[in-house]
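Trainee: I'd like to learn how to read a fold like this one. Can you walk me through it?

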Amino acid sequence: EEILPRKNRLLRPAVANIDYLGIVISPRDPAPDYLLVDKMIVYSCIQDIEPIIIINKIDIGDQSEIDEIIDMYKDTGWQVLPVSSVTGEGIETLSYAFSGGITTLAGQSGVGKSSLLNALHPSFDLEVGEISAKLKRGRHTTRYVELLSLPHGGMVVDTPGFSSMAIQNIDERFVAECYPEFEKYGHKCRFGSRCIHKNEPDCSIKENVDRGNISKERYERYIKILEEIEERGVEYR
């Protein structure tokens, strides 16, 4: 009868009016795609959605692999939650993290999104795919979008998985705002808020990357995202 205003919208996965984006990553099978994770963080930040980084499959990963993911995002201020849909470790904490609103899960196929939802609420009984032994990546099992209620409150949107994300329709000047670890140093740049921390001289962000105060890997992926925006063009709104 009526179409209400949208406060936010994601194209992949195709959802709207969500509060949290649960970005699922695994230490192996499939190997972490950090660029995809960072792109999803940028999208969620620009859409005013809070990202929650979920490390699934900690039961099969070495502690060093799990620590690598935690260390990668520990300075962002976002929640980083290690969990296992097999053993149940961390699932209760994850359920309470989702209790304050509507969440959708996103990440590579095969990281265990449907398995996580089944662990959160076994009555969901969602179809779970297997990892290809040859390719070490998952097969899509979710074929439609469904809104599910969680036991501790809140709702989660089950959506089809995906393995790529195109960065477009974003003003490159706002991308740095999606990197909380930049905030401590960004005001010291010669060009202040006009610095996009790429080619400008006397850039405090680049200086602190060289000093090891900011993750070099995260910064390199930040540059890749800027370059992708430049290649695809931007629609200013």
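Predicted model: local features only at pLDDT ≥ 70, side-chain atom pairs only at ≥ 80, totals over all residues.

Trainee: How many helices and strands does the protein have?

Mentor: Helices (H or I, at least four residues) and strands (E, at least two) are DSSP runs, numbered from the N terminus. Here that gives seven helices and eight strands.

Trainee: In what order do the strands of the open sheet sit?

Mentor: Two strands pair if DSSP finds at least two bridges between them. Six strands form an open sheet in the order β5-β4-β3-β6-β8-β7, and the pairing is mixed. β5 (79–82) and β7 (146–149) are at the edges with a single partner strand each, so one side of each has no neighbour in the sheet. As a closer look, β6 (residues 102–107) and β8 (residues 155–158) run parallel, joined by three bridges; Thr-103 has Val-156 in β8 as its bridge partner.

Trainee: And which strands does α1 lie across?

Mentor: Contact means heavy atoms within 4.5 Å. Angles run from 0 to 180 degrees between N-to-C directions, with axes fitted to C-alpha atoms, for helices over the stretch in contact. α1 lies across β3 (20–25), β4 (50–55) and β6, at about 180° to β3. α2 also packs on the sheet, touching β3, β4 and β5, and its direction makes about 165° with that of β4.

Trainee: How do I describe the two helices against each other?

Mentor: Two packed helices are described by the angle between their axes and the distance between the axes. For α1 (residues 34–46) and α2 (residues 63–73), the axes come within 13 Å and cross at roughly 35°. Tyr-34, Val-37, Asp-38 and Ile-41 of α1 make the contact with Glu-68, Ile-69, Met-72 and Tyr-73 of α2.

Trainee: Is α4 mostly covered or exposed?

Mentor: Buried means under 20% relative accessible area, exposed over 50%, partly exposed in between (1.4 Å probe, protein chains only). In α4 (residues 113–120), seven of the eight residues are buried, among them Lys-113, Leu-116 and Leu-120. Their cover includes β3, β4, α3 (91–97), β6, β7 and β8. Across the protein, 48% of the 237 residues count as buried.

How values were computed: Residues numbered from 1 in each chain as written. Heavy atoms only, no water.
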